[in-house]
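The sequence and the model are shown below.

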Amino acid sequence: MNQRATGENAVSRRTALMGLSAGAAAALWCAAAVPRAMAAGEDAGVESASEAVEKTQYGFLVDTRNCVNCQKCVAACRKANNTPDGTPARREVRLFESHFGAKAYLSYGCMHCEKPACAEVCPAGAISKRADGIVVVDSERCIGCKYCYQACPFSVPHYTKGGMDKCDCCLGAGVAPGDEPNCAAACMFGALHYGRLDDLQSSCGNTARKVESSTGPSYLLL
Amino acid sequence: MTDLQMVWGWQPSLYLFLGGMGAGAFVTAALLYFRNPERSRSVACASSWGAIVCLAVGLLCLLTELTNPLRGLMLWQSFSHFTSWMTIGAWLLVAAMAVFFLFALLSLGVMQTAAARKGAKAAALHAAILKLLAVAGTVVGLGVAAYTGVLLMTAPGVPLWNSALLPVLFAVSGLDTGVALVELIAVAKSGGNSLEGREMRFLEKLTVALVIAELAVLALFFGFLLGQGDGANVSAAAASQMLLGGVLAPAFWGLVVVAGLALPMTMALWALVAHRRANPNGFGRAEALESGGKLKDGQRRSSSFIAILGPIGALAGGCALRFLVVMAGIHGDPLADAMASLFQDAIARL
């Protein structure tokens with residue numbers, strides 16, 4: 001991942017320098033598109049070679065029967081990811097009510113979708129889905145156009161001075177991809193679980209309901 | 001749920017409006033040029049400069065909305081991901097500006113005289129190149145006008161926008177506002193005498209046709225949205241209600257429908273009827289003026305005022321349409337749907 005990022009940056013710096021001298025943007029575009037296409041080819045190689053992660057998808061399972069809105073997951077998320085006061089956290093607990101007055105809380109954040117609409121619409125290519133299924137933002141590339149917010153069915157992306165901000169399963173906070181992120185670790189009531197999606201589903205005897213959307217959210221509900 | 005969409009502020013709305021209007025203005029200019037290369041050249045030239053300004057200001061608007069405008073300025077890096085319609089559109093705008101610029105430059109009066117001075121061959125080549133640029137610009141221009149709708153259509157988070165009719169609506173409205181801009185430019189250049197009467201009649205007929213088309217597309221657009229009732233379409237229906245009968249309704253009916261559609265159509269029809277009454281033989285106002293019927297200053301001013309009233313209404317309506325559609329772009333709520341199913345599961349288990 002790191003290698004790939006530096007490789008791409010080197011390319012864009014080169015094209016950036018080329019761009020300074022040229023006025024014709026169309027010519028520039030061609031010049032930039034060729035090395036970028038080559039870089040994309042390299043990416044594919046890196047991804048297929050990377051470890052033995054075949055179609056892993058990490059995700060969350062929320063047992064809404066256990067969630068009591070204690071906000072510990074939100075606080076842990078804020079702390080781990082240094083979310084400043086006044087900036088929305090990457091996780092939120094929302095109250096839902098049924099027609100018959102039943103109430104349930106749901107802790108949610110980025111759904112790490114199978115086909116992330118945010119990544120597809122990003123003009124800068126700043127959002128990518130890793131081989132382990134985690135959707136991450138490259139803040140070095142993000143220009144903050146907010147198109148990903150409009151694309152996300154769950155209104156998840158929000159914006160700070162540094163660009164788009166959302167859950168990365170605490171990768172940025174130093175948690176290894178397979179390990180429990182801080183929110184799930186902070187849950188005292190067994191409501192918020194993290195893991196491989198198929199493991200999560202089998203842990204509850206395949207009774208969890210998947211959140212439905214064209215983007216294929218990796219989020220299970222009980 | 002019924003809060004307005006505020007994450008995108010005024011800049012993207014203005015970008016969509018200016019993109020559509022600029023593209024529409026060039027398409028109108030190209031049409032005029034094709035109909036009458038000699039008499040319409042100067043208006044077509046001025047209109048294509050206007051179109052370039054529209055697209056450039058539009059792109060600048062898009063860039064100022066960014067949280068990182070400086071990085072955004074490096075278009076070749078920031079707009080390099082071609083699954084995104086924002087990327088495709090940004091380069092479409094750049095391509096359109098390049099073609100419009102070549103047309104605007106070559107259609108300048110000095111270029112015309114320079115080519116003519118070099119002989120008949122050079123003049124013919126000059127005319128052929130201009131026609132080629134007009135065709136190319138029309139193609140790219142139509143692409144830009146439709147793209148402004150595609151940009152919204154391809155954001156799956158907002159059900160109101162996920163309609164294939166939105167690009168059609170924005171394209172028709174883009175052409176409509178483009179015609180209005182060209183009319184204003186023609187009036188600004190020597191009070192409307194810069195275009196032959198026949199060409200002004202053409203623009204008026206075009207206005208009537210486009211208004212009718214836009215009304216039809218608007219009706220279909222809202223008809224489809226209101227006709228559906230479940231799932232993601234609940235929020236699309238709610239957004240439509242907001243526009244047609246809610247907080248945005250006064251602006252929608254007042255600006256988009258009355259000022260943007262009814263007023264230009266009335267003015268255009270009135271001008272067409274008045275013209276037919278005054279000149280049953282088919283002479284335009286310009287010919288009437290040329291054949292000695294001089295207008296007094298006051299008369300000219302009042303006739304200019306009448307001539308710009310329709311186009312100004314059309315521009316206000318077209319601008320309002322983009323702002324209102326962007327503001328009404330409330331998100332769907334698939335989480336609420338998922339939780340509703342969960343509640344039903346719980347009842348079923350009881």
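## Helices H9 and H11 of chain B

Helix H9 (residues 197–227) and helix H11 (residues 249–278) of chain B pack with their axes 9 Å apart, at an angle of about 145 degrees. Axes are lines fitted to C-alpha atoms, for helices over the stretch in contact, and angles run from 0 to 180 degrees between N-to-C directions. Helices (H or I, at least four residues) and strands (E, at least two) are DSSP runs, numbered from the N terminus. The crossing of H9(B) with H11(B) is left-handed, a term used if the near helix is turned anticlockwise from the far one by less than a right angle, with clockwise being right-handed.

On H9(B), the residues in contact include B:Arg201, B:Glu204, B:Lys205 and B:Glu214, and on H11(B) they include B:Pro264, B:Met265 and B:His275. Contact is counted if the C-beta atoms of two residues, placed from the backbone, lie within 7 Å. By class, 10 nonpolar, 2 polar and 4 charged residues make up this contact. Ala, Val, Leu, Ile, Met, Phe, Trp, Tyr, Cys and Pro count as nonpolar, Asp, Glu, Lys and Arg as charged, and the others, Gly among them, as polar.

## Basis of the model

This is a predicted model, in which local features need pLDDT of at least 70 and side-chain atom pairs count only at pLDDT 80 or more, while totals for chains, interfaces and linings use all residues. Residues are numbered from 1 along each chain as its sequence is written, and chains are lettered from A and ligands numbered from 1 in the order in which they are written.

## Helices H1 and H7 of chain B

Helix H1 (residues 10–35) and helix H7 (residues 120–153) of chain B pack at an angle of about 155 degrees, and their axes are 8 Å apart. H1(B) and H7(B) are therefore roughly antiparallel to each other; angles under 35 degrees count as roughly parallel, over 145 as roughly antiparallel, 65 to 115 as roughly perpendicular and the rest as oblique. Their crossing is left-handed.

Among the residues making the contact are B:Gly19, B:Gly20 and B:Gly24 of H1(B), together with B:Gly137 and B:Gly141 of H7(B). The contact of H1(B) with H7(B) has 11 nonpolar and 7 polar residues, with no charged residues.

## Annotated spans in chain B

An unreviewed UniProt entry places the feature "transmembrane region" at several spans of chain B, including residues 132–152 and 206–227. UniProt positions are given in the numbering used here, feature names are shortened, and annotations may be inferred rather than shown by experiment. Residues 132–152 of chain B are 100% helix, and their end C-alpha atoms lie 31 Å apart. For residues 206–227 of chain B, the span is 100% helix and the end C-alpha atoms lie 31 Å apart.

## Strands of chain A

An open sheet of 4 strands in chain A has the order E8-E1-E10-E9, with mixed pairing. Its edge strands are E8 (192–196) and E9 (209–210), each pairing on one side only. Two strands pair if DSSP finds at least two bridges between them. Strand E1 (residues 58–62) of chain A runs antiparallel to E8(A), with 5 bridges joining them; A:Tyr58 has A:Arg196 as its bridge partner in E8(A).

Strand E2 (residues 92–97) of chain A is joined to E3(A) by 6 bridges, and the two run antiparallel. A:Leu106 in E3(A) is the bridge partner of A:Arg94, and A:Tyr108 in E3(A) stands opposite A:Glu92. The hairpin of E2(A) and E3(A) has 5 residues between the strands, and A:Gly101 takes a positive phi near 90 degrees in this hairpin.
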